[in-house]
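Thanks for coming, everyone. I'll take you through one structure today. Have a look at the screen.

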Amino acid sequence: MDLIRMKGVKKSYKNGVTAIHNLDLRIKKGQFVFIIGPTGCGKSTLIKMLYREEKPTAGHIIVGGLDVAKLRNSRVFKLRRKLGVVFQDFKLLPKSTVYENVAFALEVLGAPKDEIHAKVVKVLDLVGLKHKAKQYPNQLSGGEQQRVAIARAIVNGPKLLICDEPTGNLDEGTSMEIMKVLVEINKMGTTIIMVTHDTEIVSALKKRTILLDSGRIVKDFEEGTFSYEAIKNVR
Amino acid sequence: MKLLRMLGRNIRDSFKSVFRNFALSLASISCITITLIVVSISIILSINVNNFASLVEKDVTIVAFLDTQITEEQKTVVEETIKSLDNIDSYEFTSKKDITEEMMDSSETFKNIMANWSEEENPIQDTYQVKVKEIEKIGKTAKEIEGIKGVSVVKYGEGMVEQLVVVFDTVRKICIGMVIALILVTAFLISNTIKITIVARKREIDIMRLVGASNINIKIPFIFEGLFLGALGSIIPIIATVIGYDTLFEHFDGQLFSPFIQLVNPNPFTFYVSLILLIIGILVGMFGSWRAVRKHMKI
């Protein structure tokens with residue numbers, strides 16, 4: 001069953017640049033999908049449309065049954081509650097503790113205190129940061145901060161986790177640790193879409209990989225088929 | 001239940017936020033403090049000017065002189081008629097006998113002259129001193145009294161009273177205008193300061209949006225924060241108003257330069273001014289936050 005369905009999606013900016021051209025894409029529930037491609041190929045625009053940070057100029061985007069293109073600004077929160085987003089720069093609240101940062105995602109939903117506590121502790125345990133719950137983001141390493149961001153993104157059990165270059169600021173070893181966490185989350189049933197520049201990671205994991213160039217899908221590697229050579233041939 | 005829980009959380013978070021962003025909060029609080037002190041001074045000034053004007057207006061009296069040959073029955077009719085008029089606040093009768101005695105007491109010369117007058121020769125007339133409710137209508141009331149049978153002459157300081165009314169009216173309007181203008185300027189200044197502090201927290205708002213906070217979820221903590229900033233900012237102006245005005249009142253013994261200019265009693269006056277300052281602080285703080293956060297609501 002498809003979690004995401006994009007049909008005829010186009011995104012043009014006011015300055016005349018078209019970032020995405022007539023794009024069709026289907027992503028099944030539970031898949032792990034990499035989106036790769038050169039800088040400016042439209043990777044970020046594509047995922048920004050998924051969590052409705054950007055609105056498509058034309059076409060349909062259905063995420064978990066919601067027509068994202070038709071969603072009004074005031075209703076965007078409905079979509080955001082169904083998915084989690086992780087960024088390269090973590091986007092944590094610097095003046096809140098690790099626990100508060102993660103709990104925040106549940107507090108905005110109005111969850112009871114006990115439920116919040118149970119879920120936050122569980123998810124911090126999952127990302128291996130239970131012992132740092134009372135620390136502030138600036139007391140953590142980059143990898144730890146990213147794990148807090150992941151914990152926050154998944155704490156309300158979203159069906160979809162969108163990751164925009166989550167390892168972009170991290171060294172190789174830390175990146176692989178983050179990937180392990182993401183794979184673990186994927187195994188639990190969460191669909192993951194990850195934009196990355198890091199072909200090492202893509203190559204190591206061999207998940208479904210979509211190669212974008214100039215706003216078009218130029219290659220869609222099924223799981224297990226990704227290789228450097230294939231990219232070179234396409235380019 | 002869920003609403004109450006979220007409201008409680010919003011209040012807690014906004015309170016925390018005031019202290020976590022202390023430097024920014026301090027900027028807003030100082031701005032609120034300074035402008036509210038100016039507002040307080042202008043309110044105190046304008047209320048005192050207004051009070052002074054009202055006291056002077058209250059003192060304006062219509063004096064109705066009765067015919068010298070008036071009978072007791074006619075006097076009763078005059079009194080009844082005056083009583084029945086619309087604009088009458090109070091009236092007092094002074095008989096010519098009282099006036100004569102008063103004048104005789106006041107000076108030896110008067111005493112010598114008046115002592116020789118018989119009842120019929122006495123040119124002094126019985127009078128009614130009438131105070132009006134609305135000074136603007138004093139001319140009309142004076143005319144009505146003049147029209148009563150048995151009333152010979154009516155005096156109320158014609159010309160001067162009308163001028164006084166115009167002057168006081170203008171002063172009042174200027175005072176009200178000043179207070180309103182000051183409150184508007186304050187609202188603008190404070191809301192801009194809060195706006196700057198919230199722009200600095202755009203990232204926080206973005207994160208709130210990202211994790212699925214609805215617009216109202218995002219706005220409410222900031223609006224409460226504005227409320228706290230406003231309330232905190234009004235503490236010093238309130239203390240300054242209460243202590244300052246009390247000291248001023250004590251120092252001048254309740255009157256400025258002469259007994260003619262009475263100051264408004266601090267109790268309960270300063271209490272009301274404090275309440276007004278607190279309300280202005282809170283409303284303006286909330287308005288400023290709401291205005292600032294609204295800017296970040298759209299994608």
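A word on terms to begin: helices (H or I, at least four residues) and strands (E, at least two) are DSSP runs, numbered from the N terminus. This is a predicted model, so to speak of local features we need pLDDT of at least 70, side-chain atom pairs count only at pLDDT 80 or more, and totals for chains, interfaces and linings use all residues. Residues are numbered from 1 along each chain as its sequence is written, chains are lettered from A and ligands numbered from 1 in the order in which they are written, and side-chain values use heavy atoms, with hydrogens and water left out.

On a 1 Å grid over the protein atoms alone, a cavity is a set of points where a 1.4 Å probe fits but cannot get out. A pocket is an open set with protein on both sides within 12 Å along at least five of seven lines. Lining residues have an atom within 4 Å of a point.

How many cavities of 30 Å³ or more does the structure hold? Four. Strand 6 (83-87) and helix 5 of chain A each supply at least two residues of its lining. Strand 6 of chain A gives the most, with three residues.

Now the pockets. The largest pocket holds about 790 Å³ of space. Its lining has 35 residues. Nearest its centre lie Leu93(A), Ser96(A), Phe104(A), Asp13(B) and Arg20(B). Which element gives the largest share of this lining? Helix 1 of chain B, with nine residues. Other elements supplying at least two residues include helix 3 (98-107) of chain A and helix 9 (215-233) of chain B.

The second largest pocket has a volume of about 400 Å³. It is lined by 22 residues, and among those closest to its centre are Lys96(B), Ser118(B) and Asn122(B). Two or more lining residues come from helix 3 (72-84) and from helix 4 (96-106) of chain B. Helix 4 of chain B has the largest share, five residues.

Next, helix 6 of chain A, residues 172-187. Its 16 residues reach 22 Å from first C-alpha to last, close to the 22 Å expected at 1.5 Å a residue. That expected span is 1.5 Å times one less than the number of residues. At the N-terminal end, Asp171(A) is the cap: a side-chain oxygen lies 3.2 Å from the backbone nitrogen of Gly173(A). Just after the helix, Gly189(A) takes a positive phi of about 110 degrees.

Buried means under 20% relative accessible area, exposed over 50%, partly exposed in between (1.4 Å probe, protein chains only). Buried residues in helix 6 of chain A include Ile178(A), Leu182(A) and Ile185(A). An α-helix has 3.6 residues a turn, so residues three or four places apart point the same way. The buried residues of helix 6 pack against several elements of chain A, including helix 4 (113-126), helix 5 (142-154) and strand 8 (191-195). Contact here means heavy atoms within 4.5 Å.

Last stop: Thr127(B), in strand 3 (residues 127-132) of chain B. Is Thr127(B) buried or exposed? Buried, with a relative accessible area of 2%. Leaving aside neighbours within four places in sequence, Thr127(B) is in contact with residues including Phe65(B), Phe93(B) and Ile99(B).

Key
Polar contact = N/O pair within 3.5 Å; in protein donor to acceptor, adjacent residues only side chain to side chain. Points joined across faces, edges and corners; volume = space filled by probe spheres on them.
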